[in-house]
Amino acid sequence: MIALVIALASARVDVAPARTVDAPALDGRLDDAAWATAPPFTAFVQKNPDAGGPPSEPTTVRFVYTDEALWIGIECVQERSPLVSRLTRRDREVDADRVEVDLDTRGTGRDAFHFAVNAAGVLVDGLRYDDTERNDDWDENWEAAVARTANGWSAELRIPLRVLRYAPRDGQRWGVQVRRFVSARQETDELAPIPRGEAGEVSRYGSLGPFDGLPSAASVELRPFALTSLERDPRGAYTPRFSGGGDLKWHLTPSLTLDATFNPDFAQVEADQQVLNLTTFETFYPEKRPFFLEGVDLFSAPIMMLYTRRIGIAADGQPARLWGAAKLTGTAGDDTSIGTLAAITGDTQDSTQTVFGVARVRHGLGERGHLGAFATAVGRTGDGTPRTTHDALVAGLDGRWRSADHAYVVDADVAASAIHGGPPRAQRDGIVIADGDVSPQARLSAAKESDGVVFDAEAEAYGRRFDMNDAGYLQRANLIHAYGDLGWQDSEPGDHIRESRTQIEIFGSENWKGQRLSGGYQINTHLTFLNYWSTFTELHFRPAHFDDREIGDGTALERGGWIGWEQSVASDPRRAVVGEASQSVYVLAHALQYSIDGDLTIHALPQLDVELLPSLELARGEPRYIDTLGDGTRAFGKQDALGAGLTLRTTYTFTPRATLQVYGQIFGESVAYHDFSTAPAGASEIRLDDLVAAPTSPVGDADGASAIVNASVVFRWEWRLGSLLYVVYSRAQGSDRMGAVVPWSDGLRAPSGQVFLIKASYWWG
């Protein structure tokens, strides 16, 4: 069996497409004359559960293309296993029978377009990059249809050539992978077999071609929208609103595209899920706005040089209007990818504007890796008042290399930031960033990813004044950090375990003063059982360390050491009710931290999913900073914090193009202090033994609590390809109180802001 798998992996799979004048009808049935002209490919190989064996049932794939589109026809015989067909919203991958197609149209061996359709006709698309990474946020206008057959089901995919960004030359060949997933058996069959337990993805694809006569003319897509809404503020005042805008997509060449958006409105986007944040770091929220999700593979870098949630937020953290944005993405030359982004936001009240500029270049080194460069610039203009903000620039170089056997990967980057203008800004670690400051950053990592001995090692350093948070995301600078793990990975099923990974880890970080900021040792195991349940367990130890951000002026407060345990369990994804739960407990000296999160998905009907996500987090007894008194004395108290919430997501799918989504979250948090203490002014380090007990709170009542209720109902209908209708109702309400317990009822009784909105767009392309 091992010899067979090795032989299959080393053999290059070649698939030939057929050119046709008469395109098939998109109905999911492969009975059109065009399909008879295409050579069938049937030599699929099973990857799971029986690696290297023949599929449990046959699969046949054919490729044809016209001047406008690539067509893919897949026949799935299914007589031994029940067909699992579940409806859900687009881009949500549920456990159901499906087929997937990946196309490396530029032949880099690193990047590919991902298309999938399940047996109910639900579409998923995404981008693969850096060989093994995948992002499903990318969306394009393409079509697929499925049909039941006498002995199974079949699928037709129609992918417009303008989507695929190929090189304009004859005789080209593309990398290709086709996978079929059989839910009842959790079986995966591959056109280009990749041995289980070995690394690599796009670099192992088969070859699809040759293609001749592909069009190279420019084309333009337009999608204008109109929006009307009625908004009610918490005071009960109603405001009607009418607006419009649009998107432009200009395919300058088959491999280079300009995207632009004018006066966009993303009111249909789901609200951010609230969490209890007891750290001194900014909460990271994922991007949900469609325009900024395109090209995420190209703009990715080892450090998050672009955090698009910054676009639309003013320098003071308040929302700012996004007037417009444009992106140029694609390939220049044989293997050089480029991406540029420009956006302008403004505050209509004080006439301030912010301009964002981003540039990214990656030059391929074959399928083994790339060299890249990136830069971001943020400029701000005012209305003649004294300048209160600054301009910022970040630039860097990065590279990635993978070994010929795909097992080993090394990547590195260096960068620098520069600040211009504005007043000095004090960071929470006491470092002051001012006009003219320039600071560096560097990182190096290496890993082995295939079965057997595995490891991961990383070292990184950030200068005292390195600042990329005008356009990017960085929790903190002034940091030296190292991490390493060593373990064993096994993807071959045994008597009870399907696959496993066990490793030991060690890490630590310091600031440039040499104060230990974190560190620890941990051992963990991830197991997937034969019944497809899975579990993760980790034990860890953290010695005492300092927090130089807690007080906010650079004074370092000692944090006690602790031991901890984390555990998560996930059930069989094939069932009608699927659950996942994780918990963590950390025991400190006279203190405790505990959290638990759950995810319960109920497939109530083939077209109805209900998802419940409860969460609970509590902290008890750790000394935390409260405030500084007039004479410089620092006040502390043992903190008791509680955060609890429940999030509901329900999706009813009428058809693959029409869905109704209901979202709701109730979340409350409270923070209280007791056993107060003080520390004198002037100390650069405060150890726990230095704290002097105080009989009462030196700063009065510092307790507080809040509760929020957010809800939205979104009807989405793609009434023709690329043209969308949204009908939205959203509601937000909340309360804050000092010196109170969690006011759950206050959140429900608080005045609410409400919006009823209709948004319609029309796509030409």
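Where does Arg362 lie? Arg362 sits in strand S20, which covers residues 352-364. Before I go on, two housekeeping points. What you have on screen is a predicted model, where local features need pLDDT of at least 70 and side-chain atom pairs count only at pLDDT 80 or more, while totals for chains, interfaces and linings use all residues. Residues are numbered from 1 along each chain as its sequence is written, and side-chain values use heavy atoms, with hydrogens and water left out. When I say strand or helix, I mean DSSP runs numbered from the N terminus, with helices being H or I of at least four residues and strands being E of at least two.

Okay, back to Arg362. Is it buried or exposed? Arg362 counts as buried because its relative accessible area is 5%. Here buried means under 20% relative accessible area, exposed means over 50%, and partly exposed is in between, with a 1.4 Å probe and protein chains only. Leaving aside residues up to four places away in sequence, Arg362 touches Asp111, Asp130, Asp297 and Asp335, among others. Its contacts also include Ser300, Thr336, Ser337 and His370. Contact, by the way, is heavy atoms within 4.5 Å.

Staying in strand S20, let's look at Arg360. The side chains of Arg360 and Asp398 meet in a salt bridge, 2.8 Å from N to O. That pair links distant parts of the chain, since Arg360 is in strand S20 and Asp398 is in strand S22 (residues 391-402), 38 residues apart. Both Arg360 and Asp398 are buried. For the cut-off, a salt bridge is a side-chain nitrogen of Lys or Arg within 4 Å of a carboxyl oxygen of Asp or Glu. The general idea is that side chains of opposite charge can pair when their charged atoms come close.

How many salt bridges does that rule give? The count comes to 56. Let me pick out a couple more. Arg289 pairs with Glu287, and the closest N and O atoms are 2.9 Å apart. Arg289 and Glu287 are both buried. Then there's Asp572 with Arg574, where the closest N and O atoms are 2.7 Å apart. In that pair, Asp572 counts as buried because its relative accessibility is 3%, whereas Arg574, at 23%, counts as partly exposed. There's also a network of salt bridges, and it links Lys47, Asp102, Arg128, Arg179, Glu190 and Glu201.

Now for the empty space. Rolling a probe the size of a water molecule over the atoms shows where empty space is left. The structure holds 7 cavities of 30 Å³ or more. A cavity here is a set of points, on a 1 Å grid over the protein atoms alone, where a 1.4 Å probe fits but cannot get out, and lining residues have an atom within 4 Å of a point. Grid points are joined across faces, edges and corners, and the volume is the space filled by probe spheres set on the points. The second largest cavity has about 160 Å³ of space. Its lining is made of 15 residues, and Arg106, Arg165, Gly295, Asp297 and Leu298 lie nearest its centre. Helix H5 (296-299) and strand S18 (321-332) are the elements that give two or more residues to that lining. You'll remember Asp297 and Leu298, as Arg362 touches both.

Strand S18 also holds Leu328. Leu328 counts as partly exposed because its relative accessibility is 23%. Its contacts, again not counting residues up to four places away, include Leu252, Leu256, Leu258 and Ile338. The C-alpha atoms of Leu328 and Glu611 are separated by 38 Å, and the two residues are 283 apart along the chain.

Which residue does a cis peptide bond join to Asn48? That's Pro49, with omega about -5°, and Pro49 is in the loop between strand S3 (45-48) and strand S4 (59-65). The bond from Gly209 to Pro210 is cis too, with omega near 0°, and Pro210 is in strand S14 (residues 206-211). Asp131 is not a glycine, yet it has a positive phi of about 75°. Asp131 is in the loop between strand S8 (123-129) and strand S9 (133-135), and it counts as buried because its relative accessibility is 2%.

How values were computed:
On a 1 Å grid over the protein atoms alone, a cavity is a set of points where a 1.4 Å probe fits but cannot get out, and a pocket is an open set with protein on both sides within 12 Å along at least five of seven lines; lining residues have an atom within 4 Å of a point.
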